[in-house]
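Here's a quick tour of the model you're about to see. Have a look at the sequence and the fold, then read on for helices, charge pairs, a pocket and a few loop residues.

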Amino acid sequence: MTLPGDRHYTVELHASAERVPQIRRILAAHLRYWDLELHIPPVCRGVAELLTNVHRHIGPDAPCVVELRWTGRHLTASVADQGPRLPKLLSAADGGLSRVAALSDSWGTCGTPDGKVIWFTRRVEAARKSPLTSRTPLRSVPDAKGQPAVPPPVPAEPLVEPVREAVTETAAEAAPAASVAVASEGALV
């Protein structure tokens, strides 16, 4: 069953020694495209091990199919070949399947009408991408220039009253000065 979010890649090839590095690069490109960079080394090593086993046990240039599927939670890699004999994991120190078991969360084999399929899975979550939004930087150190200082507001006084006070004071001061001027003039005449 293929779900809408599934990612799937299949390639048919002959399991020659020259093809193993090429398939590793192709699988790595697909995993990068699916944002699964962290899983490139283990998945590529596991598939390379399975292809090498096909080359070793079935024969050079044996036809096989490599499949890679990611459902959003699990990444499954499989290699199908035309060999009738199912492989067995004899010990943890063995090569082949013990390496695949060490690189994966689960693995298995199953017979098909044409041969067999060997598969392994890894639990994988999609890389979470945060949306690119502009954010105001946090200020931990004040700017060297700083912001211009704004003086505190001065309460405004009505303009009429200070003028009246000034006029009143001036008139009071002017009256004695005027009488002094008149007295001075009278003395001169």
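## Ground rules

Burial comes up a lot, so here is the scale: buried means under 20% relative accessible area, exposed means over 50%, and partly exposed is in between (1.4 Å probe, protein chains only). On that scale D35 is partly exposed, with a relative accessible area of 26%.

This is a predicted model, with local features needing pLDDT of at least 70 and side-chain atom pairs counting only at pLDDT 80 or more, while totals for chains, interfaces and linings use all residues. Residues are numbered from 1 along each chain as its sequence is written, and side-chain values use heavy atoms, with hydrogens and water left out.

## Helix α1

Helices (H or I, at least four residues) and strands (E, at least two) are DSSP runs, numbered from the N terminus. The expected span of a helix is 1.5 Å times one less than its number of residues. Helix α1 covers residues 19-33, and its 15 residues should span 21 Å at 1.5 Å a residue; the end C-alpha atoms are 21 Å apart, which agrees.

Which residues of α1 are buried? They are V20, I23, L27, A28 and L31. Looking down the axis of α1, these buried residues fall within an arc of 140° (taken from the directions from the helix axis to the C-beta atoms), so they line one face of the helix. On the face of α1 turned away from the buried side sit the exposed residues R25 and Y33. Counting contact as heavy atoms within 4.5 Å, the cover over the buried residues of α1 includes β1 (7-14), α2 (40-57), β2 (63-70) and β3 (74-81).

## Helix α2

α2 has 18 residues and reaches 26 Å from its first C-alpha to its last, close to the 26 Å expected at 1.5 Å a residue. Its buried residues are I40, P42, V43, C44, G46, V47, A48, E49, L50, L51, N53 and V54. Those buried residues pack against β1, α1, β2, β3, α3 and β5.

## Salt bridges

How many salt bridges does a search of the whole structure find? It finds three, where a salt bridge is a side-chain nitrogen of Lys or Arg within 4 Å of a carboxyl oxygen of Asp or Glu. One of them joins the side chains of R99 and E49 (2.9 Å, N to O). R99 lies in helix α3 (residues 97-103) and E49 in helix α2, so the pair ties together parts that are 50 residues apart in sequence. R99 is partly exposed, at 45% relative accessible area, whereas E49 counts as buried at 12%.

K116 and D81 also meet through their side chains (2.8 Å, N to O) in a salt bridge. That pair links distant parts of the chain, with K116 in strand β5 (residues 116-123) and D81 in strand β3, 35 residues apart. K116 is buried, with a relative accessible area of 5%, and D81 counts as buried at 5% too. Then there is the salt bridge between the side chains of R69 and E67 (3.4 Å, N to O). R69 is partly exposed at 22%, and E67 counts as partly exposed at 25%.

## The largest pocket

A pocket here is an open set of points on a 1 Å grid over the protein atoms alone, where a 1.4 Å probe fits, with protein on both sides within 12 Å along at least five of seven lines; lining residues have an atom within 4 Å of a point. Grid points are joined across faces, edges and corners, and a volume is the space filled by probe spheres set on the points.

The largest pocket has a volume of about 400 Å³. It is lined by 22 residues, and the closest to its centre are N53, H57, R85, P87 and K88. Elements giving two or more residues to this lining are α2, α3 and β5, and α2 gives the most, with five residues.

## Loop residues

D35 is found in the loop between α1 and α2, and its phi is near 60°, a positive value in a residue other than glycine. D61 has a positive phi of about 60° although it is not a glycine, and its place is in the loop between α2 and β2. α2 is followed by G59, whose phi is positive, near 135°.

T112 lies in the loop between β4 (106-111) and β5, and counts as partly exposed at 32% relative accessibility. T112 and Q82 are 30 residues apart in sequence and 8.7 Å apart in space, C-alpha to C-alpha.
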